[in-house]
Amino acid sequence: MREPLLNNRKLRSIHRDLGYFYVGLIIAFGISGIAQNHRKQWKPDKYLYEHQKVQTGFRLPVGSVHKDSIQAFSKRYGLEEMRQYDYRKDSTLVISYKDADATIKLENGRAEINTWRKKPVMSQLVFLHKNNGAQWWLWYSDVFALSLIFIALSGMFIMRGKNSFRRRGWIFALAGLLVPVLAILILY
């Protein structure tokens, strides 16, 4: 009789070896995932290096602020690589740079400039977690995600006996599925 393509021994071996191979990335994505979840409370990949309060010539109305004046402001304070600028409802101009940001109250011209530095290790972990634009990393991350799906599914079937998926594992799996389903129903 012919042996099945994926018997329990082969399934365990693949499950184990994929787990070993990806253990570093699993830990890195776990840590950076927690950091990303809390990015509104703290900046996971950078820390405040310098904080300045300055007086600017920017004033209301919002239409009087032009890209040329923003570039002159940036040059004056040594702020490089402007990424974007936007206006808040409270007439505040917010300018984002590569390693800084500026918040300017247009009613009085007062500005706060924050300069940021990257946190060692955490900034690299967050960089890996975000899609950094490299096509090969995108594909590698997709293979990693598929491997995690395989590890999760194969993990349900490698245990035998009274602790098997068929006997009691399905109860835990169902309970674990209820939490994200409830989150979607409540939060979405």
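1. In the protein, 56% of the contacts between residues at least 6 apart in sequence join residues at least 24 apart; a contact means heavy atoms within 4.5 Å.

2. This is a predicted model, in which local features need pLDDT of at least 70 and side-chain atom pairs count only at pLDDT 80 or more, while totals for chains, interfaces and linings use all residues. Residues are numbered from 1 along each chain as its sequence is written, and side-chain values use heavy atoms, with hydrogens and water left out.

3. The protein has five helices and five strands, in the order α-β-α-β-β-β-β-α-α-α from the N terminus. Helices (H or I, at least four residues) and strands (E, at least two) are DSSP runs, numbered from the N terminus.

4. Along the principal axes, the C-alpha atoms fill a box of roughly 85 × 35 × 25 Å.

5. Of the 188 residues, 26% are buried, where buried means under 20% relative accessible area (1.4 Å probe, protein chains only).

6. Ser123 sits in helix α3 (residues 122-129). Its relative accessible area is 10%, so Ser123 is buried. A polar atom of the Ser123 side chain lies 2.7 Å from the backbone oxygen of Lys119. Leaving out residues up to four places away in sequence, Ser123 touches Asp45 and Lys118.

Definitions and conventions
Buried means under 20% relative accessible area, exposed over 50%, partly exposed in between (1.4 Å probe, protein chains only). A polar contact is a pair of N or O atoms within 3.5 Å; within protein, one must be able to donate a hydrogen and the other to accept it, and residues adjacent in sequence count only if both atoms are side-chain atoms.
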